[in-house]
Amino acid sequence: MGIINIAARCYDDLMSKISISYLTKYGNNKTAMEHLSMLLKAKGHEVLLFDVSESGAEQVPLSDLYVFSSSTHIGGLPGKMNKFMQKFPHKSGRYALSVTHMVEKSGPEKNSGKVLKIMAEDLREVGLTNSVDPLSLAVTGMKGPFEDGWQKKVETFAVAILKMLG
């Protein structure tokens, strides 16, 4: 085996596979997860995106990290995302959570916190372990757009993921 092949193999061993499963109604969540994917790919990681509306949990391959990102509907976790996580086939591994929600008037991230708690409970029951603080992104109206500064929040989330992956 040539030195170039050995170096390439070692480099491949250092990169992580990250699977991002997201649910979006108006496209905001997709936009955020595509931005996250771009940031992680730029650091050399393999990133796979799965739209929960079009993919089954069984399609997500074994990965070093699973990111689950959901929009909120009427202050709760959409049933489609709940079922996806409950049927998740991988019974061990690390995960990170993200949620998009309307700007909440009755306290910062009240409903989004409830949704994140439900998501964490679903994944704990499956056997996965939380690895980084969750990402919470607010939209200014039912269909968006995001509040100012959303890209910086996604970048901070990406940095936390990269640190955790080592």
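Author: Helices (H or I, at least four residues) and strands (E, at least two) are DSSP runs, numbered from the N terminus. This is a predicted model, where local features need pLDDT of at least 70, side-chain atom pairs count only at pLDDT 80 or more, and totals for chains, interfaces and linings use all residues. Residues are numbered from 1 along each chain as its sequence is written, and side-chain values use heavy atoms, with hydrogens and water left out.

Reader: Okay, what comes just after H5?

Author: That's Gly166, which takes a positive phi of about 85 degrees.

Reader: And which residues of H5 are buried?

Author: Trp150, Val154, Phe157, Ala158, Ile161, Met164 and Leu165. Buried means under 20% relative accessible area, exposed over 50%, and partly exposed in between (1.4 Å probe, protein chains only). Looking down the axis of H5, the buried residues fall within an arc of 125 degrees, so they line one face of the helix. That arc is taken from the directions from the helix axis to the C-beta atoms.

Reader: Why would they end up pointing the same way?

Author: An α-helix has 3.6 residues a turn, so residues three or four places apart point the same way.

Reader: What's on the other side of H5?

Author: Lys152 and Lys163 are there, and they're exposed.

Reader: And what covers the buried residues of H5?

Author: The cover includes strands S1 (17-23), S3 (65-71), S4 (94-102) and S6 (135-139), along with helix H2 (28-42). Contact here means heavy atoms within 4.5 Å.

Reader: Tell me about S6. Which side of it is buried?

Author: Both faces are covered: Leu135, Leu137 and Val139 sit on one side, Ser136 and Ala138 on the other, and all are buried. With 5 of its 5 residues buried, S6 is largely enclosed by the rest of the structure.

Reader: How do S4 and S6 run, and how many bridges join them?

Author: They run parallel, with 5 bridges joining them. Two strands pair if DSSP finds at least two bridges between them. His101 stands opposite Ala138 in S6.

Reader: New topic: how many aromatic pairs are there?

Author: A search of the whole structure finds 4. Rings of Phe, Tyr and Trp (its six-membered ring) pair if their centres lie within 6.5 Å; planes under 30 degrees apart count as stacked, over 60 as edge-to-face and the rest as tilted. One of the pairs is Phe68 and Phe88, edge-to-face at 5.1 Å centre to centre with 80 degrees between the planes.

Reader: Where do those two lie?

Author: Phe68 is in strand S3 and Phe88 in the loop between helix H3 (79-86) and S4, so the pair ties together parts 20 residues apart in sequence. Phe68 and Phe88 are both buried.
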